[in-house]
Amino acid sequence: MTGTQIAWRKNQKGFSRRELVYELGAWSYASCLSYLATATIILDVESDVKLLMVCNALCYGCGIAARNAGRPTIAVGQLLLIIAPISSALMASGSLALIFLGITAALLFPALFSICINVFENLRRSIVAAETSKQLADRMQVLARTDVLTSLSNRAGLDHQLTSLFTDLQPGNKLALLWIDLDRFKEVNDTLGHPVGDQVLREVAARLREQAPRNAVLSRFGGDEFIVAAEMRSLLECEELGGRIMEDINRPFRNKQERLDVGCSMGIAMYPDDCGDIDTLMQSADLALYHAKVSGRRQASFFTEAMNRDLVKRREIEMELRGAIQRDELSVFYQPIVDLKTGRIRTFEALVRWFHPEKGELRPDEFIPIAEETGLIITLGNWITAQAARACASWPEDITVAVNLSPLQIKANGSALGILTAIQQARLDPRRLELEVTEGLFIDDSEVAGKFIEELSSYGVRFALDDFGTGYSSLGYINKFPFKKIKLDRSFVSGENAGVKSEAILRAVASMGTTLDLDIVAEGLETEEQIKSVRSAGCTLGQGYYYSRAVPDYIATLLLKRNRDDNQKQRAQA
């Protein structure tokens, strides 16, 4: 039995004793008053005294009946103790007037009894209605603060419980907030349906209940995001909790006989180490989660002040990038892709460059991720495609241009139409445009990607699978979609892991390309030895600084002319 239950029982016992004392006192007082009035009748005292005592007793009985109607036993007992002796004495007095008064007094009992019972019933119904309303209000409040699917707190419930947790925080302890985001939940929902997705969310909630401390606040913040808030004694205790939760949620889920590998990312912030209030605590945890996802997912990230500085820098770049697009400060440079056998330029890859008027040249990896996060990549990508199409239209007809596409750009409404419009306005043969996509596109939304590729392929646009070997490298993508080219990541050629194993992979992919009539592009070529190596492995095309860096369109035209002249001289000498 808990301390609360024991205290409640003690209060109930104390209340019962006080009620018994009140009952005995009420009945004793009524009896004394009635017996005094009865004595004046029996002793036949003066009429004035007799009338005064009888009226006093009867009036008290009438008044107290309504007063104690909430306890019918007390009210009826007092009435009976007052009226019965007085009425009996009056009717036994022999005086006609007193007999009539005794009968009248006796008739008071059923009338007042009926009034007392009616008042009691009205009070009882009012109390029951009030209790029902309170229970309903409490129930509605619980429902308003609870997520129906997982039975965890929702946003409103989280705000309420966080305030209580924050207020009750013991001196010297810390309030840790762990913000969890499922990494591949959308894929589960899209491929297996919402019922399976709901099952995964309920299982995540169950695993959180199992791992979280007893006093923790658990919330489904929305969609596939969860929050755990708990009082911690130290940073080490918080790290241990985060590790347990990460390990448990990263375990595969089971749907019948199918294994679901979802995984999660986590951002962690602590009060008072990282902030001074609840709102800042949540902002810090959210920012830490963002860094965990940007850093590669399936990891936990603790908030640091550097994240705030990075956020300010990113927002600054975002605002400047919007202005740069409007002011036409961006440029498209072109890097050649060369036939490894003949040395002829076959394609130019279009690469965006930003020459900031104050900061100088900004690397693509400084602003492209920000453009993708903010949605600017859609506008930027369409602009790059239009620029590349116009440049390619001025080159010989056997030269193609390759443009990288962001998954976000492909998912945007009318994306295929935007590319076809750019081709049409540049008067470029669709077969001369190559669109490079990465494997992440198919992992995030295979159905949308398939429709996009199918639509543009029907017009003759070619597709290349970029960065092959760095992700899942599923051969199913090559079999399912009409790729004409595979670009091997530069790590197989010039990375720190380049060696015997990477060369074996190069040969295997190149052999597959020959069988499937696919061009295999080796990226990152910087030396003649590397060129000989990838050529002997079976790669058909090469790209890298050995041939040329990315250059403006007019220099690309000069490179192309010089390349043609050199090839003509070689053929003439041969």
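# Cavity, paired strands and local backbone features

The largest cavity is lined by Ala324, Ile325, Asp328, Leu330, Leu380 and Trp383, where a cavity is, on a 1 Å grid over the protein atoms alone, a set of points where a 1.4 Å probe fits but cannot get out, and lining residues have an atom within 4 Å of a point. Two elements give two or more residues to this lining, namely helix H10 (305–327) and helix H12 (376–393); helices (H or I, at least four residues) and strands (E, at least two) are DSSP runs, numbered from the N terminus. The model is a predicted one, in which local features need pLDDT of at least 70 and side-chain atom pairs count only at pLDDT 80 or more, while totals for chains, interfaces and linings use all residues. Residues are numbered from 1 along each chain as its sequence is written, and side-chain values use heavy atoms, with hydrogens and water left out.

Rolling a probe the size of a water molecule over the atoms shows where empty space is left. In this structure, a search of the whole finds 1 cavity of 30 Å³ or more, and the space in the largest cavity comes to about 30 Å³, a volume being the space filled by probe spheres set on grid points that are joined across faces, edges and corners. Its lining divides into 5 nonpolar residues, no polar ones and 1 charged; here Ala, Val, Leu, Ile, Met, Phe, Trp, Tyr, Cys and Pro count as nonpolar, Asp, Glu, Lys and Arg as charged, and the others, Gly among them, as polar. Asp328, one of the lining residues, is found in the loop between H10 and S8, and its phi is near 60°, a positive value in a residue other than glycine. Because its relative accessible area is 52%, Asp328 is exposed, given that buried means under 20% relative accessible area, exposed over 50%, and partly exposed in between (1.4 Å probe, protein chains only).

Of the 13 residues that line the second largest pocket, Gly343, Ile345, Tyr547, Asn563 and Asp566 lie nearest its centre. Strand S8 (330–339) and helix H19 (553–573) each supply at least two lining residues, and the largest share, 6 residues, comes from H19. By class, this lining has 5 nonpolar, 6 polar and 2 charged residues.

S1 is mostly covered, with 9 of its 9 residues buried. In a regular strand the side chains alternate between the two faces of the sheet. In S1, Lys174, Ala176, Leu178, Ile180 and Leu182 point one way, and Leu175, Leu177, Trp179 and Asp181 the other way. S1 pairs with strand S3 (residues 225–232) in the antiparallel sense over 8 bridges, where two strands pair if DSSP finds at least two bridges between them; in S3, Glu231 is the bridge partner of Leu175.

S1 and S6 also pair in the antiparallel sense over 8 bridges, with Leu177 opposite Ala269 and Ile180 partnered by Met266. Ile180 and Met266 are 86 residues apart in sequence, yet their C-alpha atoms are 4.5 Å apart in space. Ile180 counts as buried because its relative accessibility is 0%, and, leaving aside neighbours within four places in sequence, its contacts (heavy atoms within 4.5 Å) include Leu208, Phe226, Ile245 and Met266.

Strand S6 (residues 264–271) has 8 of its 8 residues buried, so it is largely enclosed by the rest of the structure. S6 is joined by 3 bridges to strand S7 (residues 300–302), and these two strands run parallel, with Gly267 standing opposite Ser301. A cis peptide bond, with omega about 5°, joins Tyr271 and Pro272, and Pro272 has its place in the loop between S6 and helix H9 (278–294).

How values were computed:
1 Å grid on protein atoms, 1.4 Å probe; cavity = no way out; pocket = protein on both sides within 12 Å on 5 of 7 lines; lining within 4 Å.
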